[in-house]
Amino acid sequence: MSLKHDLYLSRKPLAGFFAIGAAWAVYFAQMPVIKANVGASDGAYGLALLLAAFGAFAAMWLAPACRRFAGKHAMPLGILVLAIGMFLAGVSGTLVALTCAMFLASVGSGVVDVLVNARVSEIEEESGEKLMNLNHSLYSFAYAAGALMTAFLRSNDVAPLPIFSGLFIVLALLAWGAKDEVPELSDEAANAGGDFPVMLVIVTGSIVLIAFLAEAATEGWSALHLERTLGGSAGEGALGPALLGLMMGIGRLFGHGLSQRFRDTHLMLVASSISAGGILLAGLAPSVGIALFGFAVAGLGISVVVPLAMALIGRVVAPAQRMAAISRASVIGYGAFFFGPPLMGLVAQGFGLRAAFVFIAVLLIGAAVVLIPALARRAAS
């Protein structure tokens with residue numbers, strides 16, 4: 001790795017990637033316990049996450065204003081809100097309390113998500129190098145580490161309170177070190193831009209939506225699939241999200257190298273197809289081992305789609321439009337967290353988790369066949 005890469009990897013966006021990765025890993029690896037604590041059915045739990053996702057939607061839409069208002073303190077504040085929401089989710093005893101806690105966590109996560117992607121895109125422009133996959137890999141490795149640690153603690157019957165207390169401390173420390181510079185645009189860059197690229201944002205956001213849907217389905221429901229459908233233990237159930245995060249980190253490291261040699265849209269098409277195959281295998285698996293292998297393949301494939309999409313839109317649009325374009329594409333993408341949980345919950349309740357995972361695989365194939373070629377045409381024009 002070059003000295004320049006070391007420099008960019010040491011920048012403050014890493015605290016944001018680490019925070020959202022670790023936080024959601026701990027939550028999803030604890031999902032069967034949290035769901036049982038509030039006594040929710042699959043459908044009711046999915047609906048609760050749907051309502052909570054409105055927090056991320058609002059936060060992402062308003063993230064540019066948050067940055068203008070709070071400046072270098074915007075990311076630390078977002079991480080602190082995420083920390084508070086996650087702690088409250090871990091100790092919730094009712095579905096209403098859990099919904100409110102997850103709404104708060106989604107607000108913090110949404111702000112941080114937009115800010116870190118915009119900042120890396122700015123650094124890419126400054127350096128002339130593609131760095132999005134490399135930076136996103138930290139999210140994945142943090143996710144894997146958080147899920148593995150939670151799997152170990154669950155296997156040793158550790159209660160949610162100490163787990164989420166430890167997570168709160170980690171996130172608070174990350175918030176303390178997350179202040180970052182906010183670059184000022186030159187007058188020429190601020191006035192350049194032309195018409196806002198609406199269709200480019202819609203197509204990019206739609207690809208991100210399906211990728212997030214596949215990622216969220218594996219993160220949020222793999223543990224339940226492994227434990228309930230296939231009869232795995234609590235430790236094996238928590239390995240589903242952990243393996244996904246680990247393979248996504250590895251995939252993004254390889255994706256960083258491949259992105260220097262191949263077109264972004266070509267990599268996205270291949271990666272979406274690989275992920276579809278992995279999710280299909282996991283959904284139809286006859287055993288825990290085969291399902292885990294399927295989730296690993298799915299993580300390897302889906303890992304590069306969102307970073308490549310965000311990097312592409314950050315390079316194509318004018319600097320004055322970059323934050324707004326990334327924010328709008330993220331809003332569309334986070335629609336996965338609106339209809340994704342209730343969709344998975346309702347399909348699982350009506351037809352079983354196997355059918356729900358098969359449906360996600362079909363959507364990924366649709367993205368590869370229709371949306372990614374459309375993005376290539378839009379970016380070229």
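Guide: In this predicted model, M132, N133 and H136 of α7 meet P307, L308, M310 and A311 of α14. By class, this contact of α7 with α14 has five nonpolar and two polar residues, and no charged ones. Helix α7 spans residues 132-155, and helix α14 spans residues 305-316. Their axes come within 9 Å and cross at roughly 140°. Roughly antiparallel needs an angle over 145 degrees. The α7 and α14 pair is therefore oblique. The crossing of α7 and α14 is right-handed.

M310 leads onward. M310 is also in contact with S330. S330 sits in helix α15, residues 319-333. Its other contacts include M60 and V114, with neighbours within four places in sequence left aside. Is S330 buried or exposed? The relative accessible area of S330 is 1%. Buried means under 20%, so S330 is buried.

Helix α17 covers residues 353-380, and helix α10 covers residues 198-229. The axes of α10 and α17 come within 9 Å and cross at roughly 160°. That angle makes α10 and α17 roughly antiparallel to each other. The crossing of α10 past α17 is left-handed. The residues of this contact divide into 21 nonpolar, six polar and three charged.

Next, the nonpolar core. The largest one has 117 residues. W24, Y27 and L171 have the most contacts inside this core. Helix α10 supplies the largest share of the core, 15 residues. Which residues does Y27 touch, not counting those up to four places away in sequence? Y27 touches I34, Y45, L49, M86, A89, L98, M102 and F164.

Q30 and F164 are 134 residues apart in sequence. In space, their C-alpha atoms are 9.8 Å apart. Q30 is placed in the loop between α2 (13-29) and α3 (31-38). At 1% relative accessibility, Q30 counts as buried.

I163 lies in helix α8, residues 160-176. Its relative accessibility is 7%, so I163 counts as buried. Besides Q30, I163 is in contact with V26, L153 and V158, again leaving aside neighbours within four places in sequence. How far is I163 from S303, C-alpha to C-alpha? I163 and S303 are 27 Å apart in space and 140 residues apart in sequence.

One loop remains. G232 is found between α10 and α11 (234-259). At 12% relative accessibility, G232 counts as buried. Leaving aside neighbours within four places in sequence, G232 is in contact with L226, E227 and V288. G232 and M75 are 157 residues apart in sequence and 38 Å apart in space, C-alpha to C-alpha.

Back to the starting point. M310 belongs to the α14 side of the contact with α7, and M310 is in contact with S330 as well.

Notes. Residues numbered from 1 in each chain as written. Predicted model: local features only at pLDDT ≥ 70, side-chain atom pairs only at ≥ 80, totals over all residues. Heavy atoms only, no water. Core = buried A, V, L, I, M, F, W, Y, C linked by side-chain atoms within 4.5 Å. Buried < 20%, exposed > 50% of the residue type's maximum accessible area, 1.4 Å probe, protein only. Helix = DSSP H or I, 4+ residues; strand = E, 2+ residues; numbered from the N terminus. Contact = heavy atoms within 4.5 Å. Axes fitted to C-alpha atoms, helices over the stretch in contact; angles between N-to-C directions. Parallel < 35°, antiparallel > 145°, perpendicular 65-115°, else oblique. Left-handed = near helix turned anticlockwise from the far one by under 90°. Nonpolar A, V, L, I, M, F, W, Y, C, P; charged D, E, K, R; others polar.
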